[in-house]
Amino acid sequence: MIVLLEIKDMNAGYGFLNILWNMSLNIDQGEFVALIGPNGAGKSTTLKTIAGALTPSKGDVKFRGEDIAGRECHQNCREGISYISEELNLFTGMTVFENLEMGAYSQKDKSRRTKRLEFVYELFPRLEERTSQFAGTLSGGERKMLAIARGMMSEPTLMLVDEPSLGLAPQVTNEVFESLRVLNSMGVTILLVEQNVTKTLQFTERAYVVEKGRIVLEGQSADLISDEHVRKIYLGA
Ligand SMILES: Nc1ncnc2c1ncn2[C@@H]1O[C@H](COP(=O)(O)OP(=O)(O)O)[C@@H](O)[C@H]1O
Ligand SMILES: [Mg+2]
């Protein structure tokens with residue numbers, strides 16, 4: 001197994017406010033891993049730090065064995081890390097097609113961009129039907145799909161996806177999760193942040209539980225479903 005992402009004893013936060021404490025986390029190439037935990041636990045902060053939007057104050061962040069702590073987002077993106085934030089950051093006044101083109105801005109080879117677009121449209125036929133629609137007029141679920149699709153345009157090795165199910169109806173949530181599963185089966189490694197614990201543990205292979213900025217539990221997702229702490233705190237059992 002090739003270790004793709006290796007985080008060791010990492011602290012991170014906002015200015016003098018420390019949020020993440022001694023966080024350690026590993027992801028092998030090809031894995032589908034979840035980071036679950038309550039609101040405010042530090043899940044988004046973790047993704048932001050890996051993506052390069054925040055610089056850790058302590059510890060290691062290695063991607064393919066290379067230290068990337070504090071490296072800029074756009075460079076991480078070029079090197080294969082795609083970050084799909086909660087805010088999605090779509091260009092609402094631009095079309096679906098234009099948003100997807102923006103996702104491949106670092107790819108100078110036009111034929112490769114076109115191929116990639118075809119691939120993404122195959123994966124999300126609904127986006128192809130709406131290719132000239134403004135992103136701002138899409139439904140919530142379609143927006144999530146567009147953000148994921150745009151994140152795919154740069155041909156990432158690792159995708160960091162923050163709460164894709166937030167605000168979506170169960171049916172649409174399933175579609176979004178299903179699309180992540182397809183991406184993973186095609187070889188994309190995924191770190192998924194979610195509050196929808198039941199669904200997330202069903203879809204992923206392995207999970208970390210973060211509480212108050214610390215990893216408190218980790219294991220196979222199938223085992224965590226029956227873990228006492230997880231059942232009590234997250235599954236209301
Ligand atoms: N930009 C920011 N500046 C200061 N504190 C922040 C900022 N963003 C988040 N926080 C704080 O960091 C903590 C963890 O937040 P976050 O990582 O967003 O949690 P989660 O994604 O698990 O809900 C919270 O206490 C939150 O208030
Ligand atoms: Mg969050």
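## Basis of the model

This is a predicted model, in which local features need pLDDT of at least 70 and side-chain atom pairs count only at pLDDT 80 or more, while totals for chains, interfaces and linings use all residues. Residues are numbered from 1 along each chain as its sequence is written, and chains are lettered from A and ligands numbered from 1 in the order in which they are written.

Helices (H or I, at least four residues) and strands (E, at least two) are DSSP runs, numbered from the N terminus.

## Helix α7

Helix α7 covers residues 170-185, and its 16 residues should span 22 Å at 1.5 Å a residue; the end C-alpha atoms are 22 Å apart, in agreement. The expected span is 1.5 Å times one less than the number of residues. The buried residues in α7 include F177, L180, L183 and N184. They sit on the same side of α7, because they cover an arc of only 110 degrees around the axis; the arc is that of the directions from the helix axis to the C-beta atoms.

Contact here requires C-beta atoms, placed from the backbone, within 7 Å. V182, a residue of α7, counts as exposed because it has 12 C-beta neighbours inside 10 Å. V182 is 59 residues from L123 in sequence, yet their C-alpha atoms are 8.3 Å apart in space. After α7 comes G187, with a positive phi near 110 degrees.

## The sheet

Six strands form an open sheet of mixed pairing, in the order β6-β7-β8-β3-β9-β10. Its edge strands, β6 (81-84) and β10 (214-220), each pair on one side only. Two strands pair if DSSP finds at least two bridges between them. On average, neighbouring strands of this sheet are turned by 15 degrees against each other, direction ignored.

β6 and β7 run parallel and are joined by 4 bridges. I81 stands opposite L158 in β7, and the bridge partner of S82 in β7 is M159. Both faces of β6 are covered, with I81 and Y83 buried on one side and S82 and I84 buried on the other. α6 lies across β6 and β7, at about 165 degrees to β6; α7 lies across β3, β7 and β8, at about 155 degrees to β8. Axes are lines fitted to C-alpha atoms, for helices over the stretch in contact, and angles run from 0 to 180 degrees between N-to-C directions.

## Positive phi in loops

Most residues other than glycine have a negative phi. E163, in the loop between β7 and α7, has a positive phi near 45 degrees. E163 counts as partly exposed because it has 19 C-beta neighbours inside 10 Å.

K212 has a positive phi near 45 degrees and is found in the loop between β9 (206-211) and β10. With 13 C-beta neighbours inside 10 Å, K212 counts as partly exposed.

## Around ligand 1

The residues that surround ligand 1 are Y14, L17, I19, G37, N39, G40, A41, G42, K43, S44 and T45. A residue is near a molecule or strand if its C-beta atom, placed from the backbone, lies within 6 Å of it. β2 (17-28) and α1 (43-51) each supply at least two residues of the shell, and the largest share, 3 residues, comes from α1.

How values were computed:
Buried ≥ 20, exposed ≤ 12 C-beta atoms within 10 Å, placed from the backbone. Contact = placed C-beta atoms within 7 Å.
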